[in-house]
Amino acid sequence: MNLVIKNAKIASESGVFAGDIGIRDGKIAAISQFGTLKGEEEIDASGLIAMPGVIDAHTHFELPIMDSCTADDFESGSKACCAGGVTTFIDFVTQTKGHSLFDDLTERMAMAENKVYVDYSLHMGITDFNQESFQAIPEIVKIGIPSFKIFMAYSKEGWMASEGDLVEVMEIVRDNGGVMGVHAENQSIIDKHTYDLISQGKTSYKYHPKSRPHYSEIEALRRILYLAELTRSPLHIFHLTTGEGARLVSEARGKGIQVTAETCPHYLVLDESVYSSEKGYLYVCCPPIRFRSDSEVIWRGLEIGSVQSIATDHCSFSVAQKKEFCDDFTQIPRGLPGCETLLSTIYTRGVKKGRISLERMVSVLSANPARIFGLYPNKGSLNIGADADIAIFDPNEEFIMSPEVTHMKAGYTPFDGKRTFGSVKYTISRGEVIYDNGVFTKEPGRGKFIQRFRNPEFF
Ligand code: URP
Ligand code: ZN
Ligand code: ZN
């Protein structure tokens, strides 16, 4: 073996056991009892947990916004992934109106080139709903991008799809082996509340959640689930925030609708009281953070399988970028940092608190995102022959979350000050140790663009 991880607590979807993992030529070559494998290189993982590398299927690195950009580019973002046990991330192409999907894809791939530390892919965000875009979809799926993001809101940005556009894309992805993902919020409900708040002079960041109430998500979800039922098209819900939404997804799956849902750590760990705090502007994201009762229902959904995945929606803006517009909630750049804190936060708040098992954590952070987006079983599993993408963490090492202990560039994390467990000790990507106890051992540019092909049988 080239590399053997010795005496780890090996966590998979189907169980947890102590043993060794053998890696040859970048692939998982053997899993066996402790002491049975020999390697040219060896890692002593006593006391540590080894699991399939985390797949963060929702990041926005180097996202241009007005005259500026997100705090993390592909290099710092993927470096943070590396330190957080994330071995694959999926970012987005957001089509510029008037551009072809192919041109925007090429441009986005050029932005990532030579910068990334871990493997990555891109979802295709369609914003220009015309024949040229529709005709490009089958070709985009064929080149290994089977997932699309369509916005049911964001009319001001010019991204919003009509119901007719939604149906058109759903039918095309259904017929070509793809999946349509949605940002599910009802724009006209948001417009009404935004107008009312502004008319009353309520423009501070504190009013951001009031402008996008829970029922704007629930209404949009009901509508899109109905369209998924009619078209029999696979559907993925990005960044689910409401307990009622989780219930609707579960009910739809019960009816045979092919729908999967993702939630994010901030919707699980935080609640709307963050917006009453002095630094509440730092938490402005879309959809907003909801109520404790919502997160409890979503945690339950993760444990029983009615919510399938967790991703971060990493979209990091610096404290200064956020603060500049704190008196105008409509202008605050929206999004939170998170790719590096994903594993430790979910381990601490999910597994350690007894809300989900370690096996379920492997499902929702690794195996399920790989299945939903066409990476499984080569990624998201420790199956023999899979890419040796592995996160190894110390479940007992405790630290206080802060920007000082992370590499993300926003200058804050949404979980600052929180007691956290599950410090990542090693990250292994295609058999290479890329992060070793705080040291980045490989250069940026080694991460590969991964073509993805969905297997409809997985979901
Ligand atoms: O506030 C957020 N989530 N910003 C990123 C864009 C999106 O809708 O995912
Ligand atoms: Zn979104
Ligand atoms: Zn996003």
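Me: Which ligand 1 atom is 3.4 Å from a polar backbone atom of glycine 335?
Reply: An oxygen atom of ligand 1 is 3.4 Å from that backbone atom of glycine 335; a polar contact here is a pair of N or O atoms within 3.5 Å. This is a predicted model, where local features need pLDDT of at least 70, side-chain atom pairs count only at pLDDT 80 or more, and totals for chains, interfaces and linings use all residues. Residues are numbered from 1 along each chain as its sequence is written, chains are lettered from A and ligands numbered from 1 in the order in which they are written, and side-chain values use heavy atoms, with hydrogens and water left out.

Me: What about lysine 149 and ligand 1, how far apart?
Reply: A polar side-chain atom of lysine 149 lies 3.0 Å from an oxygen atom of ligand 1. For histidine 183, a side-chain N or O atom is likewise 3.0 Å from a ligand 1 oxygen.

Me: How much of ligand 1 does the protein bury?
Reply: The protein buries 95% of the 270 Å² that ligand 1 exposes when taken alone (accessible area by the Shrake-Rupley method with a 1.4 Å probe).

Me: Which residues surround ligand 1?
Reply: Among them are His58, His60, Tyr154, Asp313 and Arg334, counting a residue if one of its heavy atoms lies within 4 Å. The shell divides into four nonpolar, five polar and three charged residues, where Tyr and Cys count as nonpolar, Asp, Lys and Arg as charged, and Gly as polar.

Me: Now the metals. Which protein donors does the zinc ion (ligand 2) have?
Reply: Lys149 (NZ), His183 (ND1) and His239 (NE2), lying 2.1 Å from the zinc ion. Donors are N, O and S atoms within 2.8 Å of the metal (3.2 Å for Na, K and Ca), and sites may look incomplete because water is not among the atoms.

Me: And their spacing in sequence?
Reply: The donor residues are spaced K-x33-H-x55-H. Lysine 149 is in strand β11 (residues 147-151) and histidine 239 in the loop between β13 (235-237) and α8 (243-254), so the pair ties together parts 90 residues apart in sequence. Helices (H or I, at least four residues) and strands (E, at least two) are DSSP runs, numbered from the N terminus.

Me: How far is it from the zinc ion (ligand 2) to the zinc ion (ligand 3)?
Reply: The two zinc ions are 4.1 Å apart.

Me: Backbone next. Is the peptide bond from cysteine 286 to proline 287 cis or trans?
Reply: The bond is cis, with omega near -5 degrees. Proline 287 lies in the loop between α9 (265-269) and α10 (292-304).

Terms used. A polar contact is a pair of N or O atoms within 3.5 Å; within protein, one must be able to donate a hydrogen and the other to accept it, and residues adjacent in sequence count only if both atoms are side-chain atoms.
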